[in-house]
Amino acid sequence: MPKILIHIHSGPDLKNKATLGMLVAATAIKEGHDVTIFLAGDGVHLLSCEEKNQVVGQGTGDLKEHLNQLKISATTIFVSGMSAKARGYDEALLADYNAAFVMPDVLLEYSLKADTILCY
C-alpha cells in the first residue's frame, strides 16, 4: 500500500489550497492508501473548524466534511506543536481527531518513509 504524506501549511484564509489538501487526503484513504497528514504554520487553524460551510473551497469541498471523513477513518493528523503554540492553541485543538502535537523531526521522519509527498 503506497504511503502518502500530505503536508498542509495553508490556513483557512487560503480555503482552496486547504480544502484541496484535505480532499486529496480523504480521496487517497478511500482508494486504500496509507495517509498521514502533517499540519504546520497556518494549517494548524484547520482543526478549529467547527461547522459546515465555515471553510468551503471552489470545487474542493467543505473543510468540515473532509475533517469528518478523516475522523471516521482514524487518519493520523500530526500538528506542529510549535506552530500551534505560536497561534495560541492547546491540547483542546486535538480533542475531536486522531491528532497529536509533534516537532519537526516527525515531519522529516514521515517524509523519508513516504512514497509520495504532497504540499498545500
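Student: Before anything else, what does partly exposed mean here?
Tutor: A residue is buried under 20% relative accessible area and exposed over 50%, with partly exposed in between. Please keep in mind that this is a predicted model.

Student: Fine. Is A74 buried, partly exposed or exposed?
Tutor: A74 counts as partly exposed, because its relative accessibility is 46%.

Student: Where is A74?
Tutor: A74 sits in the loop between α2 (63–72) and β5 (76–80).

Student: And what is its phi?
Tutor: The phi of A74 is positive, about 60 degrees, although A74 is not a glycine.

Student: What about the phi of N53?
Tutor: N53 is not a glycine either, and its phi is positive, near 70 degrees. N53 belongs to the loop between β2 (34–39) and β3 (56–57).

Student: Is N53 buried or exposed?
Tutor: N53 is exposed, its relative accessible area being 64%.

Student: Changing topic: how many salt bridges does the structure hold?
Tutor: The structure holds four salt bridges. One of them joins the side chains of K3 and D34, with an N to O distance of 3.6 Å. This pair links distant parts of the chain, since K3 is in strand β1 (residues 3–8) and D34 in strand β2, 31 residues apart.

Student: Which residue forms a salt bridge with D42?
Tutor: R87 does, and the closest N and O atoms of the pair are 2.9 Å apart. D42 lies in the loop between β2 and β3, while R87 lies in the loop between α3 (81–86) and β6 (99–102); the pair links distant parts of the chain, 45 residues apart.

Student: How accessible are D42 and R87?
Tutor: D42 is partly exposed, with a relative accessible area of 32%. R87 also counts as partly exposed, at 32% relative accessibility.

Student: Then which residue meets K52 in a salt bridge?
Tutor: The side chain of E65 meets that of K52, at 3.9 Å from N to O. K52 is in the loop between β2 and β3 and E65 is in helix α2, so this pair ties together parts that are 13 residues apart in sequence.

Student: What are the relative accessible areas of K52 and E65?
Tutor: K52 has 48% and is partly exposed; E65 has 39% and is partly exposed.

Terms used. Residues numbered from 1 in each chain as written. Predicted model: local features only at pLDDT ≥ 70, side-chain atom pairs only at ≥ 80, totals over all residues. Heavy atoms only, no water. Helix = DSSP H or I, 4+ residues; strand = E, 2+ residues; numbered from the N terminus. Buried < 20%, exposed > 50% of the residue type's maximum accessible area, 1.4 Å probe, protein only.
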